[in-house]
Amino acid sequence: GATDEFGFRVAAMRAWAELAAEFGEPPWYVPTGNLVWTRTDETREELAGRVDRLRDRDYPARLVTAAEAAAIEPGLRAPPTGALAAHFPAEGYVHGAEVVQVLLGRAQRAGARLIAGSRVTGLEVGGGRVTGVRLSTGQRLAADAVVCAAGWRANALLATLDAELPLADVYEPGSPAPGVI
């Protein structure tokens, strides 16, 4: 439910901060905070309610004045007159491609072998558990553990086990699946 998702997101933010600390302020981790504003009565009410709900859960969130918003982000035009602004200082983002390269390098230094140019087409099963993967080259790789990180394509892969993840269809009108715009 929403409670589980909130806890997961907060834990994920904390995990990114901890991982970045291991690399000493890497350029791929950008803890900028998040500044949001809105002008319509309906969305003002929703934003104020969101800030209240988050603060009730000890999440750093606060309403800010236009002057405070301009001080937080001087490169942005100030929120328009009549806008309601909120700041979420613990939020940020990562540069995905950069962090993937850093983590792949770490894994390879620890003995991992990178296989590129071949996708996983199926899962190998034995004794009631996943024991490896099949690649598009026909190669079979044995594994003690397999992590399915196929995103929205996960169900095509999990179909080899007659299993399914309850994923929201990002292409369905009104989908709750998050996106970046």
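This is a predicted model: local features need pLDDT of at least 70, side-chain atom pairs count only at pLDDT 80 or more; totals for chains, interfaces and linings use all residues.
A residue counts as buried when its relative accessible area is under 20%, as exposed when that area is over 50%, and as partly exposed in between.

Let us start with W28. Its relative accessibility is 3%, so W28 counts as buried. F23 has a relative accessibility of 27%, and therefore F23 counts as partly exposed. How do the rings of these two residues sit relative to each other? Three aromatic residues, W16, F23 and W28, form one cluster, and the model has 3 aromatic pairs in its count. In one of them, the ring centres of F23 and W28 are 5.7 Å apart and the ring planes meet at 75 degrees, so this pair is edge-to-face. The reasoning rests on a simple cut-off: planes over 60 degrees apart count as edge-to-face.

Next, find E73 in the loop that runs between α3 (66-72) and β4 (84-88). The relative accessible area of E73 is 35%, so this residue is partly exposed. How far apart are E73 and G33 in sequence and in space? Along the chain they are separated by 40 residues, while their C-alpha atoms are 9.8 Å apart in the model.

Now turn to an open sheet of 3 strands, arranged in the order β6-β7-β8 with antiparallel pairing. β6 (120-126) and β8 (140-142) stand at its edges, and each has a single partner strand, so one side of each is left without a neighbour in the sheet. From one strand to the next, the twist averages 30 degrees. In general, the strands of a sheet pair through backbone hydrogen bonds, in either a parallel or an antiparallel way. Here, β6 and β7 (residues 129-135) pair in the antiparallel sense over 6 bridges.

For a closer look at this pairing, pick out E124, which has its place in strand β6. Which residue in β7 is the bridge partner of E124? That partner is G132. The side chain of E124 also takes part in polar contacts: one of 2.9 Å joins it to the side chain of R134, and another, of 2.3 Å, joins it to the side chain of R140. Leaving aside residues up to four places away in sequence, E124 touches R129, V130, T131, G132, V133, R134 and R140.

Methods. Residues are numbered from 1 along each chain as its sequence is written. Side-chain values use heavy atoms; hydrogens and water are left out. Rings of Phe, Tyr and Trp (its six-membered ring) pair if their centres lie within 6.5 Å; planes under 30 degrees apart count as stacked, over 60 as edge-to-face and the rest as tilted. Buried means under 20% relative accessible area, exposed over 50%, partly exposed in between (1.4 Å probe, protein chains only). Helices (H or I, at least four residues) and strands (E, at least two) are DSSP runs, numbered from the N terminus. Two strands pair if DSSP finds at least two bridges between them. Axes are lines fitted to C-alpha atoms, for helices over the stretch in contact, and angles run from 0 to 180 degrees between N-to-C directions. A polar contact is a pair of N or O atoms within 3.5 Å; within protein, one must be able to donate a hydrogen and the other to accept it, and residues adjacent in sequence count only if both atoms are side-chain atoms. Contact means heavy atoms within 4.5 Å.
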